[in-house]
Amino acid sequence: MSTWTNHAFTISHADSGTFEGAGLRPFFEYRQLGIDTATDGKFGAHVIRAVPGMKSPGTWHSHQLEFQMVYVTKGWVVFEYEGQGEQVLRAGSCVLQPCGIVHRELRHSDDLELIEITSPAVFTTTEEGAE
């Protein structure tokens with residue numbers, strides 16, 4: 001028998017998962033994968049999908065966290081990053097966003113879906129001025 005010390009065992013299935021509009025951005029819906037509960041908030045993971053017909057206001061912002069990775073599974077999204085310019089991410093694209101990097105989401109396809117993994121699960125977002 002194994003003894004686990006860092007995390008609880010958890011499985012999340014797409015057919016039993018639900019998307020909710022209560023998240024950081026109103027033009028996205030979020031499906032939590034249970035990682036936050038299993039790790040006591042040390043990590044977060046969720047699937048994000050676009051709400052068809054809704055657009056991003058393109059607000060510059062930054063996040064205070066240790067780790068943030070985004071992997072696009074469907075569609076495309078355009079982010080603009082401080083010092084990196086506009087970046088088009090499409091299915092199969094992955095980006096590691098360093099802590100505090102000022103960025104904004106400019107536009108996305110109506111069928112956008114992506115996976116975001118963060119540490120910690122809950123973090124501070126700060127609106128920033130235009131670069």
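I take a polar contact to be a pair of N or O atoms within 3.5 Å, where, within protein, one must be able to donate a hydrogen and the other to accept it. The model I examined is a predicted one.

Entry on Ser56. I located Ser56 in the loop between β2 and β3 (61–64). I noted that its side chain reaches the backbone oxygen of Glu105 at 2.7 Å and the backbone nitrogen of Gly58 at 3.0 Å. Is Ser56 buried or exposed? Ser56 has a relative accessible area of 16%, and it counts as buried because the limit is under 20%. Not counting residues up to four places away in sequence, I found Ser56 touching Phe27, Glu105, Leu106 and His108.

Entry on His46. I placed His46 in strand β2. Its relative accessible area is 10%, so I list His46 as buried. The side chains of His46 and Glu116 are joined by a polar contact of 2.7 Å. Leaving aside neighbours within four places in sequence, I recorded contacts of His46 with several residues, including Tyr30, Leu33, Leu114 and Ile115.

Entry on the core. I looked up the largest nonpolar core and found 15 residues in it. Those with the most contacts inside this core are Phe28, Val72, Val77, Leu89, Leu112 and Leu114. Two or more residues each come from β1 (28–32), β2 (44–50), β4 (67–74) and β5 (76–81). I noted that β5 gives the most, with 3 residues. Leaving aside its neighbours within four places in sequence, Val72 is in contact with residues among them Val77, Leu89, Leu112 and Leu114.

Methods:
Residues are numbered from 1 along each chain as its sequence is written. This is a predicted model: local features need pLDDT of at least 70, side-chain atom pairs count only at pLDDT 80 or more; totals for chains, interfaces and linings use all residues. Side-chain values use heavy atoms; hydrogens and water are left out. A nonpolar core is a set of buried Ala, Val, Leu, Ile, Met, Phe, Trp, Tyr and Cys residues joined through side-chain atoms within 4.5 Å. Buried means under 20% relative accessible area, exposed over 50%, partly exposed in between (1.4 Å probe, protein chains only). Helices (H or I, at least four residues) and strands (E, at least two) are DSSP runs, numbered from the N terminus. Contact means heavy atoms within 4.5 Å.
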